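Hi,

Here is the structure I said I would pass on. Have a look at it first, and then read my notes below.

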Amino acid sequence: MDLWLLWTIVGFVLVITELVTGTFYLLVLGLGAFVGAIAAWLGANQVVQALAAGGLAVAGTWFVHHWHESRRALAVKGSNFLDRGQPVVLDGWANENAGIARVKYRGTTWDARVPEGAPRPTVGSTLYIEAQEGSMLVVVAAAPPR
């Protein structure tokens with residue numbers, strides 16, 4: 001089997017595996033394997049092929065790592081949940097055993113969850129928003145610190 005074909009197969013395996021994981025690290029390793037395949041196809045020796053594949057893989061991994069870090073920093077920076085501490089009124093229970101309630105907030109009714117172990121408030125009680133999980137608010141009886 002030609003070496004360029006082996007590099008290509010390894011590249012496709014890595015890229016297909018990347019489609020399952022979604023981290024982008026295997027994608028750059030697969031791209032590095034494709035660069036190794038091109039080097040082999042052009043007739044470069046095995047050291048040049050490995051250096052070309054490894055160079056792109058290292059540079060791509062460095063880029064992906066810094067991209068992930070910048071996204072993580074933006075997520076932490078943007079985590080100032082503006083509704084935290086805002087009062088809501090318990091409108092009724094959707095499933096009291098599971099702690100799922102309906103609350104009135106901003107002129108409409110929202111789904112809310114009371115954390116496990118917290119006392120179950122009565123209908124009409126004022127609760128405070130602690131967090132948001134998707135479209136569901138997490139509410140507590142005392143206002144969380146800002």
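A word on terms to begin with: helices (H or I, at least four residues) and strands (E, at least two) are DSSP runs, numbered from the N terminus. On that basis the protein chain has three helices and five strands, and along the sequence they follow the pattern α-α-α-β-β-β-β-β.

Two things to keep in mind. This is a predicted model, in which local features need pLDDT of at least 70 and side-chain atom pairs count only at pLDDT 80 or more, while totals for chains, interfaces and linings use all residues. Residues are numbered from 1 along each chain as its sequence is written, and side-chain values use heavy atoms, with hydrogens and water left out.

Now the overall shape. The C-alpha trace spans about 80 × 30 × 30 Å along its principal axes. The radius of gyration (taken over C-alpha atoms) is 26 Å, whereas a compact globule of 146 residues would have one near 15 Å, going by the rule of 2.2 Å times the number of residues to the power 0.38. Of the 146 residues, 27% count as buried, that is, under 20% relative accessible area, with exposed meaning over 50% and partly exposed in between (1.4 Å probe, protein chains only).

Next, α2, which covers residues 25-41. This helix has 17 residues and reaches 25 Å from its first C-alpha to its last, close to the 24 Å expected at 1.5 Å a residue (1.5 Å times one less than the number of residues). Its buried residues include V28, G30, A33 and A40. After α2 comes G43, with a positive phi near 95°.

Leaving aside neighbours within four places in sequence, V88 is in contact with V103, Y105, L127, I129 and V139, among others; contact means heavy atoms within 4.5 Å.

Cheers
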